[in-house]
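I opened my notebook to record what I looked up in this structure.

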Amino acid sequence: MPEAVSYPDMRAFIDRSVAPSSLPCWDYAPLACAAVGAPPTAALPAAAAIFAQLAAIHLVDDLLDEDPRGLHHPIGVGRAANLALGFSAASHRALAEAELPAGVEAELQGRLAVMAMATAKAQAEDLASCADEEAYWRIVDMKTPPLFGCALALGARCGGATRELADAIAELGLPLGRLIQIGDDLGDALATPASPDWSRPRNNLVLHYALTAPHPQRERFADLVEASSDPEALREAQALVFACGAASYCVYRMLEARADAQRRIDALALADASPLTQLLERLCAPVRGLLRQSGADPDEAIAAFEARARRP
């Protein structure tokens, strides 16, 4: 897009977002495309649309969270907000300029708009503190899974999948979204210096558990949350995350999401399920790391969990 090339803020953001070692969600579209039997390159317009929409989401999310690491600090709030608008428009333009049948393009534009609306509503609700874990899951399921499901559906449709198959593949967004969100919560809870999550701890599953589950150090943890800007208090609080069982609970919920995703993949009529299976395994890397850290064999622990889950 000529405007992207000549828009310094947009060009710089795109260049910074290239991370060869990661598996960003815009890559889910080519993986879904390959899973339905088409060349992954057929989904490049979908990948571009998801990249641009995610860029807009991140820019706005940093503004809402007043994240000290946000791009709005070096370039200013106005320029960051304008950049988010530019990326949001670019996401729809990527699909409009793709060589897609008219009916398919209209459908994908609709899917993208529905996802963006759901994410905006979830971000608005996420500004309030979650009263309980039920509220946490409600917001998570509104915020992250729609993006992942949209990326998978767009990729599948670009690869020639039927609308029904694309809908079924999109349902993977729920367990994959939960898996990623919990992993992000763990990363934010254990980051130094304290991430913005410590200012709204009930919206982070790790911190929510440590604040609400019955354990001997709950009151102490609540005091440490208030003092989390102090490095010593943060270190003690992060140690309690493991001691009180919060990290273990998150591993349990991640394994639960992994098993759900695998069941859904197994039920799909795909030309090649391996791209989605490999995606799931890549997303499970944080779970495996925590299991190793606890002294468990990841393969044995996952197999045991899934065996128990299959019991009547």
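Is Trp 137 buried or exposed? I found a relative accessibility of 9% for Trp 137, and because buried means under 20%, Trp 137 counts as buried. I note here that the model is a predicted one.

**Entry: the partner of Trp 137**

I looked at the ring of Tyr 136 together with that of Trp 137. Tyr 136 and Trp 137 make an edge-to-face aromatic pair, with 5.0 Å centre to centre and 80° between the planes. The label edge-to-face applies because the angle is over 60 degrees. I also checked Tyr 136 for burial: Tyr 136 has 2% relative accessibility, so Tyr 136 counts as buried.

**Entry: aromatic pairs**

I wrote down the total, which is seven aromatic pairs in the structure. One of them joins Trp 26 and Phe 51, edge-to-face, at 4.7 Å centre to centre and with 75° between the planes. I then asked where the two residues sit. Trp 26 is in the loop between helix H2 (8-16) and helix H3 (28-35), while Phe 51 belongs to helix H4 (residues 44-65), so this pair ties together parts that are 25 residues apart in sequence. Both Trp 26 and Phe 51 are buried.

Helix H1 (2-5), H2, H4 and helix H6 (77-96) each supply at least two residues of the lining. I sorted the lining by type and got 13 nonpolar residues, two polar and one charged.

**Entry: helix H9**

I checked the length of helix H9 (residues 145-158). Its 14 residues should span 20 Å at 1.5 Å a residue, and the C-alpha atoms at its ends are 20 Å apart, which agrees. I then looked at burial and noted that H9 is mostly covered, with 13 of its 14 residues buried. Last, I checked what comes just after H9, where Gly 160 takes a positive phi of about 95°.

Technical notes
Residues numbered from 1 in each chain as written. Predicted model: local features only at pLDDT ≥ 70, side-chain atom pairs only at ≥ 80, totals over all residues. Heavy atoms only, no water. Phe/Tyr/Trp six-rings, centres within 6.5 Å; stacked < 30°, edge-to-face > 60°. Helix = DSSP H or I, 4+ residues; strand = E, 2+ residues; numbered from the N terminus. Buried < 20%, exposed > 50% of the residue type's maximum accessible area, 1.4 Å probe, protein only. Expected span 1.5 Å × (residues − 1). Nonpolar A, V, L, I, M, F, W, Y, C, P; charged D, E, K, R; others polar.
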